[in-house]
Amino acid sequence: MENLKRVDLIFGAYTNEKYKVLESSMSKSSEEIINEMIASGLKGRGGAGFLTGMKWKFTAAEKDPVKYVVCNADEGEPGTFKDREILTVVPRKVFSGMAICGKAIGAKKGYMYLRGEYRYMLPDLMKELEIYHEHARRFGHDFTIEIRMGSGAYICGEESALFESIEGKRGEPRNKPPYPTVAGLFSKPTVINNVETFVNAVMIMKYGANEFKKLGTSDSRGSKMFSVSGDTPKAGIHELELGMSLADFVNEFGDGDTKAVQVGGASGFCVPRKRFNDTIIGFEGVPTGGSMMLFNSSRSMYNVLHNYLDFFEEESCGQCTPCRIGCQQLLKGIVAVKKGEKPSSYLDQLLKLSDTMKITAKCGLGQSVANSFASIVENFKEEMIY
Amino acid sequence: MADTVKIHIDGIPVEVIKGTSILDAAKTVNVKIPTLCHHEDLCVAGNCRVCVVEVEGRKNLVASCAAPVEEGMMIKTTTAKVRRARTDLISLLVSEHNTQCTTCYRSTNCELQALASEYNVDSERYLSVLKPNLQIDKSSYSIEKDDSKCVRCQRCVRTCAELQHVNAIDVAHKGRDMKISTFMDLPMNDVVCVNCGQCVTHCPTGALTERRYYHEIWEAIGDPDKHVVINTAPSVRVALGEMLGYPVGTRVTGKMVNALKKIGFDSVLDTDFTADLTIMEEGHEFLQRVTKALKYGEKVALPMITSCSPGWVKFIEHMYPEHLDHLSTCKSPQQMFGSLVKTFYAEKIGVDPSKIVSVAAMPCAAKKFEANRPEMKSSGYQDVDAGLTTREIGHMIKQSGLDFVNLPDMDYDSYMGESSGAAVIFGATGGVMEAALRTVYEVVTGREVPFKNLAITPVRGLEGIKEAAVKLENVLPAFDFLEGVEVKVAIAHGLRNARTIMDQIKAGTSPYHFIEVMACPGGCIGGGGQPIPTTDEIRKKRIAAIYAEDEGMPVRKSHEVPEIKMIYEQFLHEPLGHKSHELLHTHYIKRKRY
């Protein structure tokens with residue numbers, strides 16, 4: 001695997017002294033932390049890829065005395081399971097990252113929104129949280145963390161729906177603007193980051209932005225946790241340097257018969273074999289929150305798409321027209337074409353519909369249904385029809 | 001001076017205050033952007049997406065209702081991209097909709113129908129995703145809920161939560177199953193719904209409608225054995241015209257009376273008569289409570305609160321059951337009318353009360369529930385057989401084929417057709433209070449209220465909670481204990497404001513003696529049975545018509561109406577007397593929150 005570089009930042013060994021990195025970060029000023037983060041070029045690991053340092057900077061600049069740090073641990077994207085591993089193996093790094101962010105933006109309170117299905121982790125996380133609070137008190141960092149449970153709705157991984165959920169309301173995305181940096185949780189300036197992003201922040205504090213920048217490409221700094229699944233002999237979590245080609249990835253993880261890779265989960269893109277060579281995994285190419293699903297020639301891409309649409313049709317919050325009805329139409333439409341109840345040209349109309357969804361839906365869920373829909377229908381049209 | 005932002009909309013330069021939505025900015029230059037989930041009474045939702053526009057430099061379209069303007073924005077509202085998207089979105093809504101428009105009560109007054117027609121969408125464009133086997137919830141006396149016609153705009157949910165603080169309906173489930181539902185999906189008559197009907201007037205389609213009773217009334221009219229009597233509420237006469245070709249704020253009292261007679265009602269009477277009667281009873285009840293409290297130091301519930309609005313009555317029964325003693329025991333004018341029609345009126349005209357069908361034309365949905373309250377049988381029969389909304393009356397007139405606009409004016413029949421200007425203003429928020437003050441002040445002091453032309457302006461207008469104080473000086477000897485007392489009153493309209501008032505009472509901090517509460521924003525003129533749409537602009541015009549009607553009345557005070565004097569002389573004998581208690585007063589029920 002000469003073209004793939006494995007990395008061991010995220011799970012890298014703890015120091016012997018608990019919360020050492022956090023403690024040493026306390027001597028830094030807010031500005032120093034933020035500048036280091038910006039210099040590192042770290043982009044959010046949830047998939048959207050906003051510059052983490054900038055997010056922190058915007059929130060720090062807000063005048064409101066009450067601010068929040070929120071860790072998005074709702075990991076609900078189909079095919080993503082790296083946060084589960086991170087929270088199991090290195091929860092200390094996650095809490096440290098949140099606390100460093102708290103110091104940087106001037107927040108006193110952090111929330112972790114934990115996926116409903118991860119409730120089993122709660123006892124261990126609470127134990128670690130107790131240790132965290134002890135240490136934070138010891139070196140005088142006034143920042144407490146609370147864990148809130150999700151209840152199984154995919155949409156609550158969308159940041160504003162997640163805020164609504166923590167606030168005790170129905171998990172529905174909000175209109176943006178205002179953005180979370182201005183009015184997030186409880187309408188206060190809020191930094192919300194993915195689990196992995198907070199761990200990366202700790203690593204940047206530990207090793208410095210320059211070390212971090214040595215990994216990856218100019219558009220995609222650092223390494224990334226990948227959740228590899230599907231037709232692969234090496235299913236599991238792998239930390240890899242960003243910027244590799246999909247061909248290299250498939251060489252390492254494929255079973256020799258890979259016909260397509262779904263990059264970024266159900267809301268991501270399906271890349272067919274003919275595009276493996278010119279597809280870069282990273283923000284300059286196809287970004288991913290970590291999910292890499294490999295499909296070999298035994299798989300029906302119609303079934304794959306059907307499965308995704310089934311998922312979206314159910315997991316849309318239902319408030320906005322394009323997402324609620326659009327998802328139903330796409331699913332019903334491909335079934336009708338498959339059964340011959342609609343002509344194959346109906347697929348073109350559905351593609352136009354998916355484009356409408358992309359440009360009119362209220363949040364990322366509805367906007368991204370078109371990603372998998374268009375990339376699967378366009379690349380595997382014959383499988384949709386016959 | 002607030003900060004302003006300069007933008008261009010369809011090439012037109014626009015300067016608006018920072019924070020203005022693109023939609024509102026467009027309105028200032030007469031650029032019309034279609035909307036569906038947007039309603040000016042409510043907070044922004046941004047969920048139908050029909051109002052999308054193109055903003056230069058952005059890949060995605062922007063929901064103009066939810067997006068604030070930003071400096072230098074170049075906005076285009078009618079590009080091919082925008083049109084394509086809107087057509088797609090409307091087509092999607094149609095694909096989820098029960099499109100049996102030909103038989104829909106809201107046909108020609110439906111916002112989805114109008115959009116689909118305007119954009120000429122192809123109903124075959126997408127497969128139908130209308131859920132099969134949806135049942136219409138007809139459990140409530142007042143409101144019908146038909147999920148097959150719901151567009152999920154959540155206007156009803158926002159209305160119930162924001163305007164009314166009732167929260168009887170909310171969003172349930174997600175994705176394809178997302179729908180508007182009640183607590184535990186219980187039938188509408190089993191939940192805290194107060195039947196105000198504000199959800200109905202805010203619904204863009206036929207998903208929420210009032211339960212209609214006019215078919216039965218047509219049948220009764222056609223039955224020669226029945227004597228069908230209708231009384232019309234003050235707010236109907238200032239809004240009915242909207243359904244029949246008149247501009248908002250037109251008074252059509254005389255034409256309405258004529259039309260109802262032509263339709264075949266045996267007698268067309270005026271609810272205003274019992275509004276005046278309400279003032280007599282409620283005014284004296286207030287004086288009685290004040291006398292007990294101030295003269296004899298007895299413990300009585302003060303402030304006293306009006307009980308004319310059945311939505312409000314059910315609200316307090318659910319939300320503040322421990323404070324029901326603050327409610328006046330007076331029935332609403334509709335119910336007073338009902339019990340008198342089948343007693344006093346029947347006696348006067350010599351008709352067997354069992355043959356009388358008593359109908360009330362009301363601006364209200366809750367009146368239907370009120371008519372069916374089990375205790376409302378003081379005449380020995382169901383006092384009011386049916387409450388019809390202004391909309392139902394409009395439909396009946398249309399169905400009758402009458403040339404409404406060219407009908408000559410006619411006067412109400414008798415008995416119970418006479419009234420004062422004080423009764424007309426019951427229709428506007430503050431009106432009951434004003435009417436009561438005109439009478440009570442005069443009873444206590446022997447003089448008219450000290451306001452020019454009897455217009456007690458502090459209690460008028462659309463402010464959520466209004467306050468006024470009237471000082472009693474040089475009182476008549478019988479009321480010497482009130483000398484120098486400043487009577488403090490408050491008026492709340494919209495149940496959100498009623499909650500504020502009630503929370504003060506609950507906390508023991510209410511500074512008032514007398515409070516008027518109307519369930520609907522603006523009072524009855526903005527009621528749940530009024531023509532759709534209703535907005536503040538429309539409310540103001542209807543209110544102006546109400547006060548104009550008052551000023552044109554020869555009698556302006558309830559206690560001076562000849563028929564009112566007559567009914568006390570011949571039948572009731574005295575306010576709060578034995579007969580009044582039997583026929584005109586009621587009791588309330590402690591209800592649960594669920």
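Residues are numbered from 1 along each chain as its sequence is written, and chains are lettered from A, ligands numbered from 1, in the order in which they are written. Because the model is predicted, local features need pLDDT of at least 70 and side-chain atom pairs count only at pLDDT 80 or more, while totals for chains, interfaces and linings use all residues.

Start with chain A. Its secondary structure comes to 16 helices and 9 strands. Here helices (H or I, at least four residues) and strands (E, at least two) are DSSP runs, numbered from the N terminus. The C-alpha atoms of chain A fill a box of roughly 70 × 50 × 35 Å along the principal axes. The radius of gyration of chain A is 21 Å, which agrees with the value near 21 Å for a compact globule of 386 residues. That radius is taken over C-alpha atoms, and the globule rule is 2.2 Å times the number of residues to the power 0.38.

Burial comes next. Of the 386 residues of chain A, 57% count as buried. A residue is buried if 20 or more other C-beta atoms lie within 10 Å of its own, exposed if 12 or fewer, and partly exposed in between; the C-beta atoms are placed from the backbone. Contacts tell about sequence separation. In chain A, 72% of the contacts between residues at least 6 apart in sequence join residues at least 24 apart. Two residues are in contact if their C-beta atoms, placed from the backbone, lie within 7 Å.

Chain B has 19 helices and 18 strands. Its radius of gyration is 25 Å, close to the 25 Å that the globule rule gives for 594 residues, so chain B is as compact as a globular protein of that length. The C-alpha box of chain B is roughly 80 × 60 × 50 Å, again along the principal axes. Of the 594 residues of chain B, 53% count as buried. Residues 24 or more positions apart account for 74% of the chain B contacts with a separation of 6 or more.

Now look at one sheet of chain B. Which order do its strands take? Five strands form an open sheet with mixed pairing, in the order S2-S1-S5-S3-S4 (chain B). Strand S2 (12-17) and strand S4 (62-63) of chain B are the edge strands, each pairing on one side only. Two strands pair if DSSP finds at least two bridges between them. Strands of a sheet pair through backbone hydrogen bonds, either parallel or antiparallel.

Strand S1 (residues 4-9) of chain B runs antiparallel to S2(B), joined by 6 bridges. One of the bridge pairs is Ile7(B) with Val14(B) in S2(B). The hairpin of S1(B) and S2(B) has 2 residues between the strands, and Asp10(B) takes a positive phi near 50° there. Strand S3 (residues 52-55) of chain B pairs with S4(B) in the antiparallel sense over 2 bridges. Val53(B) has Val62(B) in S4(B) as its bridge partner.

Helix H2 (residues 80-95) of chain B lies across S3 and strand S5 (74-76) of chain B, and runs at about 155° to S3(B). Axes are lines fitted to C-alpha atoms, for helices over the stretch in contact, and angles run from 0 to 180 degrees between N-to-C directions.

The contact between the chains takes 27 residues from chain B and 29 residues from chain A. H2(B) gives the most to the chain B side, with 6 residues. That side divides into 15 nonpolar, 5 polar and 7 charged residues. Ala, Val, Leu, Ile, Met, Phe, Trp, Tyr, Cys and Pro count as nonpolar, Asp, Glu, Lys and Arg as charged, and the others, Gly among them, as polar.

Finally, some backbone details of chain B. A cis peptide bond joins Ser414(B) and Tyr415(B), with omega about 0°. Tyr415(B) sits in the loop between helix H13 (390-400) and helix H14 (421-424) of chain B. Another cis peptide bond joins Ile532(B) and Pro533(B), with omega about 10°. Pro533(B) is in the loop between strand S18 (514-518) and helix H17 (536-551) of chain B.

Asn120(B), a residue other than glycine, has a positive phi near 45°. Asn120(B) is exposed, with 8 other C-beta atoms within 10 Å.
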